[in-house]
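Welcome! Take a look at the sequence and the model, then read on.

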Amino acid sequence: MNKRDYYEILGIAKTASKDEIKKAYRKIAMQFHPDRNPDNKEAEEKFKEATEAYEVLGDDEKRARYDRYGFSGMREGQDFHGYSNVNDIFSHFSDIFGGSSIFDDFFGNTSQRGRGGSRRRGSGSPGSDLKVTLKLTLEEIAAGATKKIKIKKYTSCDSCKGAGTDQGSTLKTCPSCNGTGEVRTVSRSVFGQFVNIQACANCNGEGMVIDKPCKKCMGDGRVQAESTVTINVPAGVSEGSYMTLRGEGNAGLRGGSAGDMLVVFQEIPHEFFKREGDDIIFELYVSYPDIVLGAECDVPTLSGRARLKIDPGTQPGKLLRMREKGVQHLNRHGAGDQLVRINVIVPKKINVKERELLKEMQEMPNISPKSADDGSGFFKRFGL
């Protein structure tokens, strides 16, 4: 697939400033962000494409290399990452729901700014996200389902209400960083002055310290416990698709916001049906008389039994369509179809009477086709 020019992707001129590049990317990222376009592969691809363009054009060195050499200068390993999926983007730019990344400015951050413009946490540190795999039967996928799962995760401490402090104790400004959450060191060399900024080790970058920590959670404000989560699965999900449950991840440290839970769906193979998109295929086996004379029979569907008519002379391998007996379409009305493939039962054992009847049928012109070696056709062409 031919790649589009990075400037074209972001809709900017080659003379665009850094602010213009960032503004253009922000607009596209907000439009095609996966959380706003669940299960939309086209939006996901546009999101990845725009992020790759931003990674290059937002960096002076990479941009200069791209302007000079084009895509050949952007090979992985030359300080260029490239992305295979959305999760790869998130891991490369840290966590969009907390942490330091380009997404903090775009989608919000739980941190606040302290004195002198330095970063200061408003309350604790955000919790991490969780990922769980949810197995579903084809029947549950077809109609949607409500599932309850038990997981172990960090929850807010009920003793200190997530504050991490013992009764009567309060948070105090960290004396090491004076509440900024950062420690700056200045070094000088022949090349000039360098300022190194690191998170304060005394308060872990929070700007506040606990005088007397809670005895139950040891000052974390959270404890590990088993929790029951209810998941409302929409009809029509597929293998590998996912949904995000906001705030159902691990609780944050000392009142920090909880992470999210990513629920990835896994489809359990069905005993009778094979899924193709929103259609399902069922293999029906009928006798030779039924396929010749026609018949009506009951066939299983995802919602129970249904009556199917087989016309006389139906050929083996033909697919009969049962309208809207398949999987419901995701986020829209209607459902797929159930396709019934006709197969003929060939008995492995027959009795004497059945053998005699079959031999008699072999002589009937409408039952047995004409002999292939009657002096014409295929064998004659090869001199056989």
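Asparagine 331 is exposed, with a relative accessible area of 65%. In this predicted model, asparagine 331 belongs to the loop between β16 and β17. Its phi is near 60 degrees, a positive value in a residue other than glycine. Most residues other than glycine have a negative phi. Glutamate 324 is found in the loop between β16 (319-322) and β17 (338-344), and its phi is near 55 degrees, again positive in a residue other than glycine. Glutamate 324 is exposed because its relative accessible area is 53%, and the cut-off for exposed is over 50%.

Let us step back to the whole chain. The chain has 384 residues, and buried residues make up 38% of them. How many of the contacts between residues at least 6 apart in sequence join residues at least 24 apart? The share is 62%.

Two residues show how such contacts look up close. Alanine 163 lies in the loop between β4 (145-156) and β5 (171-173), and alanine 163 is partly exposed, with a relative accessible area of 30%. Leaving out residues up to four places away in sequence, alanine 163 touches Ile210 and Arg254. Alanine 163 and arginine 254 are 91 residues apart in sequence, yet their C-alpha atoms are 4.7 Å apart in space.

Glutamate 296 is part of strand β14 (residues 295-301). With 48% relative accessibility, glutamate 296 counts as partly exposed. Its contacts, leaving aside neighbours within four places in sequence, are Arg307, Leu308 and Lys309. The C-alpha atoms of glutamate 296 and isoleucine 310 are separated by 5.9 Å, and these two residues are 14 apart along the chain.

Next come the aromatic rings. With ring centres within 6.5 Å as the rule for a pair, the count comes to four aromatic pairs. One of them joins tyrosine 7 and tyrosine 66: the ring centres are 6.2 Å apart and the planes are at 40 degrees, so the pair is tilted. This pair links distant parts of the chain, since tyrosine 7 is in helix α1 (residues 6-10) and tyrosine 66 is in helix α4 (residues 60-69), 59 residues apart. Phenylalanine 273 and phenylalanine 282 also form a tilted pair, at 5.7 Å centre to centre with 50 degrees between the planes. Tyr6, Tyr7 and Tyr66 form one aromatic cluster.

| Residue | Relative accessible area | State |
|---|---|---|
| Tyrosine 7 | 3% | buried |
| Tyrosine 66 | 6% | buried |
| Phenylalanine 273 | 7% | buried |
| Phenylalanine 282 | 8% | buried |

The charged end of arginine 222 sits over the ring of tyrosine 154, 4.1 Å from the ring centre.

What about cysteines? A search of the whole structure finds zero disulfides. Cysteine 174 is in no disulfide, and the nearest cysteine sulfur, that of cysteine 177, is 3.8 Å away. Cysteine 174 is buried, with a relative accessible area of 1%. Cysteine 200 is likewise in no disulfide, and its nearest cysteine sulfur, that of cysteine 203, is 3.7 Å away. Cysteine 200 counts as buried at 2% relative accessibility.

Finally, consider helix α2. How far apart are the end C-alpha atoms of helix α2 (residues 18-32)? They are 21 Å apart, which agrees with the 21 Å that its 15 residues should span at 1.5 Å a residue. The buried residues in α2 are Ile21, Ala24, Tyr25, Ile28, Ala29, Met30 and Phe32. An α-helix has 3.6 residues a turn, so residues three or four places apart point the same way.

Definitions and conventions:
Residues numbered from 1 in each chain as written. Predicted model: local features only at pLDDT ≥ 70, side-chain atom pairs only at ≥ 80, totals over all residues. Heavy atoms only, no water. Phe/Tyr/Trp six-rings, centres within 6.5 Å; stacked < 30°, edge-to-face > 60°. Helix = DSSP H or I, 4+ residues; strand = E, 2+ residues; numbered from the N terminus. Buried < 20%, exposed > 50% of the residue type's maximum accessible area, 1.4 Å probe, protein only. Lys NZ or Arg CZ within 6 Å of the ring centre and 35° of its normal. Contact = heavy atoms within 4.5 Å. Disulfide = S-S within 2.5 Å. Expected span 1.5 Å × (residues − 1).
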